[in-house]
Amino acid sequence: MKSNRSAGDSALAAFEVTVAYRNTPVLTDLSFQAPAGTLTAIVGPNGAGKSTLIKTALGLVQPLTGHFEFFGKEFREVDGRVSYVPQRTSVDWDFPVTSLDVVCMGLYRKIGWFRPVRARHRKRAMEALAEVGMQDFAKRQISQLSGGQQQRVFLARALVQDAELFLMDEPLAGVDVATEKTIISTLHRLRDQGRTAMVVHHDLDTVSEYFDRVLLLNRKLIAEGAVEDVMTPDYLKQAYSGKLLILS
Amino acid sequence: MNKLEVIFAYNTLIVLAGTMLLGIAAGITGTFLMLRRRALAGDVIGHAALPGVAIAFLIYASIAPEAGKSLPVMLLGGSVASACGMLAALWLRNVGRLPEDAVMAIILSTFFGAGVVLLSIVQASPTGAQAGLRDFIFGQAAAIRISDVTLLASITIGTILISNLLIKEWALMCFDEGLARVLGYPIRTLDFLLMALVVAVCVAGMQAVGLLLIVALLIIPPTASRFWSDSIGPNLCLSAVFGAVSATAGGIASALVPKLSTGAIIVVAAAVVLIFSILLGSKHGLLLRWRARRTMRDAARNPPTA
């Protein structure tokens, strides 16, 4: 795929990105464009480089070659327009903070250096918690939340950032049905407001129901595009190299 | 003099002020160090200071043989060596691809070993024998002078100011470094500031507590505070209070029994505070848990007959 054209109308574009951990290539020559106002599922087997893709785009991992563009610009130039929801297991849930404190973290850049969190910031954070049905758990220490509730707190933290692009690493892993519904309806609402999300997703059965587009990965791009064009037995077999047994 | 007179004597009050200030600074700094999951870093910094102290003494003795020992010079040497120790640990981990705990153990023992070798050279020299460098290992609070109190006071005030200013940035870095980096925070700088504070506390505390045990003052009070509260603000305050109480207790003991190793007393006092907190802590204390379990068991045995 040639990708020298301008990516001004896409929320996130990758240009010939190659990433390696030590001597092992994780992603090879990856190029794609995610149009603004769409929901994209990032799908592929374990170790396909899904998380690596998100982390590299955000500058948490350095690529060997290639680069990413956000709304046609470098990541540094789009300060505040991109929000990141890491894997739930990536943080220490025994940390001495409440749900409300965690959501307020999404506002730290707006609050600014050295300044304390004020009542109006807490109010904004409470609104975001209410949007994901977590207002009653605002004062709970985060270890007392279930996995699904923790994930919703993370989603609320992303919401207060008021970003235009959301990069989410497995927000639906190990969550309850109610949380899954809340997260998906929130994503759909964001998309209807013209925002973009790219979500690492594991459950092939729900891809077509939840998402508009799919990025199918296995250490390189297998296919990219509308759900019905990508989720074909051919492509899936390529991505999962025959390991996929059940496909309804 | 009776015991009360000893405690309220001028020299003793100086020692108590010094140890108390140290306890406060260590309690606050240690809270962030624990949240950053770097408990061992304090140990590395403490041990790594020894060769620096010895080298600084040797250099100073050759430049100004008449001057004896200079505390600021030796503390500077200790800081430089501690910083080298931390950098060496980072390098070993990144380049050598070694597990973090092994790296810490290697650096800690290597630097300390080098320090002991240098110390025996110092002890062999005529000026070095009376320099009392051994006090840096186990601590001798009775040696605290008014100038040391000024130094400790400025470190404590600095610690309180910096942690007040950076509480939300440091908390974010400790909780979710990924988000902090995505939000554009300079993690290296924030990390460096925290480690610089740890070095300052370790080096300043070397004289009173000793470099072997200073890590206890960084780790035990914050750990004890977690049994009383689940939020950072109260944790910081409690940790400062626990640090001050343990350090002052050590200072008093040191004043009453001159030959007593102050650092050891301070650590034992901190451990008593910790045991007390584990048992009675108002948030996660064992007593609280036993009571809650008993209430639950009673409720389960005698279901309410409605």
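Mentor: First, a term. A strand here is a DSSP run of E with at least two residues, and strands are numbered from the N terminus. The model is predicted.

Now the residue. E16(A) lies in strand β1 of chain A. Its phi is positive, near 45°, and E16(A) is not a glycine. That deserves a look, because most residues other than glycine have a negative phi. Is E16(A) buried, partly exposed or exposed? It counts as partly exposed, because its relative accessibility is 38% and that class runs between 20% and 50%.

Next, the strand around it. β1(A) covers residues 10-21. It belongs to an open sheet of three strands in chain A, ordered β2-β1-β4, with antiparallel pairing. β2(A), residues 24-35, and β4(A), residues 65-70, stand at the edges. Each of these two has a single partner strand, so one side of each is left without a neighbour in the sheet. The twist averages 15° from one strand to the next.

How many bridges join β1(A) to β4(A)? There are five, and the pairing is antiparallel.

E170(A) is not a glycine either, and its phi is about 50°. Its setting is a loop, the one between β6 (165-168) and α6 of chain A. E170(A) is buried, because its relative accessible area is 16% and the cut-off is under 20%.

Move on to helix α6 of chain A, residues 177-192, where T179(A) is found. T179(A) has a relative accessible area of 0%, so it is buried. Leave aside neighbours within four places in sequence, and T179(A) is in contact with G148(A), Q149(A) and R152(A).

Chain B gives another positive phi. R97(B) follows helix α4(B), and its phi is near 55°. α4(B) itself spans residues 71-96, 26 residues in total. From first C-alpha to last it reaches 36 Å, close to the 38 Å expected at 1.5 Å a residue. Its buried residues include L71(B), M74(B), G77(B), G78(B), A81(B), G85(B) and L92(B). What covers the buried residues of α4(B)? Among the elements that do so are α3, α5, α7, α8 and α10 of chain B.

Take two of those covering helices, α3(B) and α10(B). Their axes come within 9 Å and cross at roughly 50°. That angle makes α3(B) oblique to α10(B). The crossing is right-handed. On the α3(B) side, the contact is made by A41(B), G42(B), I45(B) and G46(B). On the α10(B) side, it is made by M195(B), V198(B), V199(B) and C202(B).

Last stop, a loop. A142(B) lies between α7 and α8 of chain B. It is partly exposed, with a relative accessible area of 39%. Not counting residues up to four places away in sequence, A142(B) touches V15(B) and S254(B). The C-alpha atoms of A142(B) and T19(B) are separated by 10.0 Å, although the two residues are 123 residues apart along the chain.

Back to the start, then. E16(A) has a positive phi, and its strand β1(A) pairs with β4(A) over five bridges.

Terms used: Residues numbered from 1 in each chain as written. Chains lettered and ligands numbered in written order. Predicted model: local features only at pLDDT ≥ 70, side-chain atom pairs only at ≥ 80, totals over all residues. Heavy atoms only, no water. Pairing = 2+ DSSP bridges. Helix = DSSP H or I, 4+ residues; strand = E, 2+ residues; numbered from the N terminus. Axes fitted to C-alpha atoms, helices over the stretch in contact; angles between N-to-C directions. Expected span 1.5 Å × (residues − 1). Buried < 20%, exposed > 50% of the residue type's maximum accessible area, 1.4 Å probe, protein only. Contact = heavy atoms within 4.5 Å. Parallel < 35°, antiparallel > 145°, perpendicular 65-115°, else oblique. Left-handed = near helix turned anticlockwise from the far one by under 90°.
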